[in-house]
Amino acid sequence: MTGSIVRGRDLQGNVKFDVDAVVVGTGAGGSMSLRELARAGLDVIAIEEGPWSTSSDYDQREDRMLQLLFQEGGGRTTEDMAIRVLQGRGVGGSTVHNTNLCKRTPDEILDLWTRKYRVTGISPRELAPVFERVESELSVSEMTASMRNANNEVLRVGCERLGWRAGALKHNRIGCTQSGFCELGCSYDAKQNASKVLLPQAIAAGARVVSDVEGVRIVHDGRRVSGVHCVAHSIDGSACARVDIRARAVVLAASAVGSAALARRSDLPDPNARLGRGLRLHPGGVVAGRFDDTIGAWRGIPQSYECTEHLSYEEGSDRRVWIVAAMAHPIGAAVAMSGFGAQHMAAMRAYPELAVLTAMVHDESRGEVRVDAEGRPILRYAMNDSDRRQLAKGLSSCARILLAAGARYVIVPAIPPRRVENVAQLDALDLSFVRAHSVPLTAVHPMGTMCMGDDARTSVVQSTGEHHQLRGLFVADGSLFPTSLGGPPQVSIYAFALHLAPHIIDRVKAG
C-alpha cells in the first residue's frame, strides 16, 4: 500500500480521518515515528502546520526563505525579546534548514538522565545500536579537510595555535555542492534529512502526510486520548477547513515549543505542574574577526569544525560552552551588525574579510512554554547568572581563537560594539556587558518542556514516551530531554523517536 502527501490548503469544509495513530509534526522525530508506525502496518497520518516545499522552491533568497521555512518568518523570540529563536515550519521541520550537524547524545548526558531523572532503557550501551542505525540511514559522515571552508579553517587554526581541544564534525549530506546556502533549504537536494529520506519511506509504507494543518486541541477524556481537532490554512493563512482526526494514539513531534503549546491548549492532566516547564535553548552569541585576506565565510559548508575546550557535560560545571563557526548571509549579517549610517556601511564593506564564531551555552537555566489567549506560544526564558558567565567566557574564547588565527581585530556586536585588537586588550575587557538585551542572542535548539522519566512528580511522560496520566499520548521530539544536550539535537531526536516507536506500536495494537 502506498500513502500520499496532500496540501491542506486545498481542503474545504469538514474533513475527517479515522486512523490508528496521528503524528503531529514532520521533523526529525515526527518523520521517524511516522515511518516506523507505517512499516508496522498501522494506518497512520501526520499533520504539519507549515507548507510542503521541495528543493525547487529553495531559491536562496533570504527574504523569501525566512518566510517559507521558519516559524514566524524567522522572527520568533522569547517573551522579553532578548533571544531570537529560530525553528522550522514545514514538511521536514527544522531538518530542512539546519546545517546538518550530527552528534550523538553524549554518554555523560545519558548517564545523568538515567541516574538523576530516572529514565530507563537509554544507557549508552542500549542506545548505541539505535544511533548506529540512524547514522547509517541518514548517511552521516565526518567532514574532511577538503570540505572545510575558510571560516571553519580559521576556527581550526586558532584552536591549534592555542592548543585547545577541537575536531571535525559529522554531517548528513550526499552530493553537496558546497554552495553555503544550507540554512535557506538545499536547492541541490543534498541533505539526507526527514523530507528526503524518512518521509518518502513512510509514504511508501502507506503513511499519509497533510501539510498546512495545525493541531488545535488533543481530544481526551482525562484518562486516554482519542484524536486531534485541527484546522487547515490556505496560502494566505486563513482557515479553509476543519480537520478532525480520530486515533487510538497521538504522537507529539512538533518541537519543544509546538508540542508543549498544543498540550497547553488541550488542558492535559498536569497534577505536578511539569507541563511546558524545563525549556532549554542553547542560547548563543557571535564574535567577528576582520582578516587581511578574503574569507568569504558565506561560501562552502558551514559548521564543519568544533571547539570543545570549554565544554563539560557535568551539571554545575564552569565549562559549558560549545564553539562552532557561524556566518549569516547579507541580510542577516546587516541586521546583526552594530552601528548606523557610515559606521554600518564600513562594517558591511568588511563583510568578505570577516570570520565569525558562535559560542552556545550548555544551559542550566530553565524556561517555560505557555500560550496566550489565542493559543499562540509564549517562551518565557531568562538566563541565570551562571549561564550568563558561561556566555561571557564563550564570547571571550571566540575572540581569543580569532586573534590566534591572525585576525587584525575582533568585534563583539554588543551595544555599543566592543573592538579588541590584541590579547592584552581582551584580557582587560570588562565582560559584565554580556547580558540580555546588550548582546544579540540567538537560539536554534529548544529542548525540554515535556520531559521523560519514570517519576511522575518530576516528568511529563514515562521512559516509554507515553504520558503519565493519558493513555495513548506519546512524545517523540526534543521536548523529551530532561536537560540541555550541549550540542546539536537532531540525531538525538531521530534516535529517541526510533527507540520509542515500538512502545507506540504496542499501545495501538493493545487497544
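Predicted model: local features only at pLDDT ≥ 70, side-chain atom pairs only at ≥ 80, totals over all residues.

I started with the surface: the accessible area of the protein chain comes to about 19,600 Å², and 50% of that belongs to carbon and sulfur atoms.

Next I looked at burial, and buried residues make up 58% of the 511 in the chain. I then counted secondary structure and got twelve helices and 23 strands. The radius of gyration is 22 Å, close to the 24 Å that the globule rule gives for 511 residues, so the chain is as compact as a globular protein of that length. Along the principal axes, the C-alpha trace spans about 70 × 45 × 45 Å. I also checked contacts between residues at least 6 apart in sequence, and 75% of them join residues at least 24 apart.

**Helix pair**

How do H1 and H4 pack, and at what angle? I have H1 as residues 28–39 and H4 as residues 124–137, with an angle of about 100 degrees and axes 14 Å apart. Angles of 65 to 115 degrees count as roughly perpendicular, so H1 and H4 fall in that class. From H1, the contact uses Met32, Arg35, Glu36 and Arg39; from H4, Arg133, Val134 and Glu137. I sorted these contact residues into two nonpolar, no polar and five charged.

**Glu48**

Is Glu48 buried or exposed? I found it buried, at 6% relative accessible area. Glu48 sits in the loop between strand S3 (44–47) and helix H2 (62–69). Leaving out residues up to four places away in sequence, Glu48 touches Gly25, Thr26, Arg89, Gly90, Val91, Val210, Ser211, Asp212 and Val213. I also took the C-alpha separation of Glu48 and Gly8, which is 9.0 Å for two residues 40 apart along the chain.

At 22% relative accessibility, Gln60 counts as partly exposed.

His282 is another non-glycine with a positive phi, about 55 degrees. This residue lies in the loop between strand S13 (277–279) and strand S14 (284–290). I checked the burial of His282 too, and it is buried at 2% relative accessible area.

Which residues does the cis peptide bond join? I have Ile415 and Pro416, with omega about -5 degrees. Pro416 is in the loop between strand S20 (409–412) and strand S21 (418–420).

Terms used
Residues numbered from 1 in each chain as written. Heavy atoms only, no water. Axes fitted to C-alpha atoms, helices over the stretch in contact; angles between N-to-C directions. Helix = DSSP H or I, 4+ residues; strand = E, 2+ residues; numbered from the N terminus. Parallel < 35°, antiparallel > 145°, perpendicular 65-115°, else oblique. Contact = heavy atoms within 4.5 Å. Nonpolar A, V, L, I, M, F, W, Y, C, P; charged D, E, K, R; others polar. Rg over C-alpha atoms; globule rule 2.2 N^0.38 Å. Buried < 20%, exposed > 50% of the residue type's maximum accessible area, 1.4 Å probe, protein only. Areas by Shrake-Rupley, 256 points an atom, 1.4 Å probe, with all protein chains shown as cover.
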